[in-house]
Amino acid sequence: MSDGFDLGRLLAERGDERYALHARHLNHQLPRMLHTIGFDRVYERAQGAHFWDAEGNDHLDMLAGFGVMGLGRHHPVVRKALHDVLDAGLADLTRFDCPPLPGLLAERLLAHSPHLDRVFFGNSGTEAVETALKFARYATGRGRILYCDHAFHGLTAGSLSVNGERGFRDGFAPLLPDTAVPLGDLDALERELRRGDVAGLIVEPIQGKGVYPAPPGYLPAAQRLLREHRALLIADEVQTGLGRTGDFYAYQHEDGVEPDLVCVAKALSGGYVPVGATLGKDWIFKKVYSSMDRVLVHSASFGGNAQAMAAGLAVLAVMEDEGTVANARATGDLLRTRLAALVDRYELLHEVRGRGLMIGIEFGRPASLRLRGRWTMLQAARKGLFAQMVVAPLLQKHRILTQVSGDHLEVIKLIPPLVIGESEVDRFVTAFTEVMDEAHSGGGLMWDFGKTLMKQAVAAR
Ligand code: PLP
């Protein structure tokens, strides 16, 4: 056997070049941006909801790799499943047989949405969305997809066509025929449906950008309207799915919501193997795959590969065994309640919202003159800088990783691994309180950093 490749040696010899390699060969703006916000760090090791730098400092992960680490990093059961599947030496991806693992994972996923019948496996969230868009168009014979303002469904061309932010879309036209409707606006939805050319509405039950939940009653009412006009409801559960919001799927928060197509990805990977899944009704799949000739009309070379399926099966087994969904609900309630209690104490803190472990913390204009001047100056330079000012000390001083929830938003989003408990909640709330105290003092390093951000924002115009 060749010993020409030694991963450990490669990392030991060249690991220190990580930032330079990115700058030279990958998206050069990433190391630049990380440097600007003081996030250009080196992490060596991770477990669960924590990771450690070279000096052995523990960091709390409130971002979960944009949600893929639903069970945290290196869950032992998922890890063992991956070792096992490699050791099994399976005849995988022959493409001319029916391997067992995709069927077993489909069966397990569908058990959580009994009104759905079939699954298509791809390799990412955006691919799960692309599949739903194609299936909706083919099944209805109509071309137009509706989506919500500020929606995010991925960045390949089809998913981009239903993206609600101009910043992502600009320069990539022409995209698919589409129309945006405000989240929660049933009149706008009905107006578009009356034109008779709508294949479906794609919606995140809680929008990831800004953490905006669909208003109560919107999803069941939208479903009714869509059915009336023979159009499909597509739930994008790529971020919200698999327990994140305290229900297995976020659409289950309201009775009677039964989407025609459901997209999942992220956490199904166990944080290891990219995967996407589109669940749908039997008649939709039967229409797309209407004859033997059409067996490959929608397919993916890596779809259903054994590693991804093994990881997915292990994830679902762990979720059941460890009560992950219930933990997300209980811990999320605790975290949200404790943060919401701070709204009255801090004038810059306006709202805490979300469900389960998907929480948005929104900042806004302070009441006192003393802080208002600073706030207004920041806003004039660029919206979202204050949220960035909070995220920075959370990492630098308190070693907690969070993110601003989208461009030009004064919202921090918390999507930690669903395995966190009371001690992580305590750590976050204590750190956040300290950062808010500093922000309301109106001085110190935090506002100095704000000035630096402001100068950079103005220079970048
Ligand atoms: N849909 C939603 C709601 C998402 O949050 C994301 C990614 O953040 C996607 C789709 C795209 O997933 P991916 O990055 O795996 O393509």
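**Notes on the predicted model**

1. Leaving aside neighbours within four places in sequence, valine 238 is in contact with Gly125, Cys263, Val264, Ala265 and Lys266. The model is a predicted one, and in it valine 238 sits in the loop between S10 and S11. Valine 238 and cysteine 263 are separated by 25 residues in sequence, yet their C-alpha atoms are 5.8 Å apart in space. With a relative accessibility of 12%, valine 238 counts as buried, because the cut-off for that class is under 20%.

2. Which atoms of glycine 125, threonine 126 and lysine 266 lie 2.8 Å from an oxygen atom of the ligand? For glycine 125 it is a polar backbone atom, and for threonine 126 it is likewise a backbone N or O atom, whereas for lysine 266 it is a polar atom of the side chain. On its own the ligand has 390 Å² of accessible area, of which the protein covers 78%.

3. Threonine 131 belongs to helix H7, which spans residues 125-140. The side chain of threonine 131 is joined to that of histidine 298 by a polar contact of 2.8 Å. If residues up to four places away in sequence are not counted, threonine 131 touches Phe120, Thr278 and His298, and at 0% relative accessibility threonine 131 counts as buried.

4. Alanine 300 is found in the loop between helix H12 (282-288) and H13, and at 17% relative accessibility alanine 300 still counts as buried. Its contacts, apart from neighbours within four places in sequence, are with Arg95, Phe120, Asn123 and Glu127. Of these, asparagine 123 is 177 residues away from alanine 300 in sequence, while the C-alpha to C-alpha distance between the two is 8.0 Å.

5. Helix H13 runs over residues 306-322, and the distance from its first C-alpha to its last is 24 Å, close to the 24 Å expected for its 17 residues at 1.5 Å a residue. The helix is mostly covered, with twelve of the 17 residues buried; among them are Ala306, Met309, Leu313, Leu316 and Met319. The cover over the buried residues of H13 includes helix H5 (76-87), helix H6 (100-110), strand S4 (118-122) and helix H14 (324-340). After H13 comes glycine 323, which has a positive phi near 60°.

6. Valine 211 has a positive phi of about 55° although it is not a glycine, and its place is the loop between strand S8 (206-207) and strand S9 (212-213). Leucine 242, also not a glycine, has a positive phi of about 55° and is placed in the loop between strand S10 (232-236) and strand S11 (261-264). Are these two residues buried or exposed? Valine 211 is buried, with a relative accessible area of 0%, and leucine 242 is buried as well, with a value of 2%.

7. The peptide bond from alanine 173 to proline 174 is cis, its omega being near 0°. Proline 174 lies in the loop that connects helix H9 (166-169) with strand S6 (178-181).

8. Histidine 59 lies in strand S3, residues 58-61, and has a relative accessible area of 0%, so it counts as buried. A polar contact of 3.5 Å links the side chain of histidine 59 to the side chain of arginine 41. Not counting residues up to four places away in sequence, histidine 59 touches Arg41, Tyr43, Ala49, His50, Phe51, Trp52, Asp53, Leu395, Arg399 and Arg427.

Notes:
Residues numbered from 1 in each chain as written. Predicted model: local features only at pLDDT ≥ 70, side-chain atom pairs only at ≥ 80, totals over all residues. Heavy atoms only, no water. Polar contact = N/O pair within 3.5 Å; in protein donor to acceptor, adjacent residues only side chain to side chain. Areas by Shrake-Rupley, 256 points an atom, 1.4 Å probe, with all protein chains shown as cover. Helix = DSSP H or I, 4+ residues; strand = E, 2+ residues; numbered from the N terminus. Expected span 1.5 Å × (residues − 1). Buried < 20%, exposed > 50% of the residue type's maximum accessible area, 1.4 Å probe, protein only. Contact = heavy atoms within 4.5 Å.
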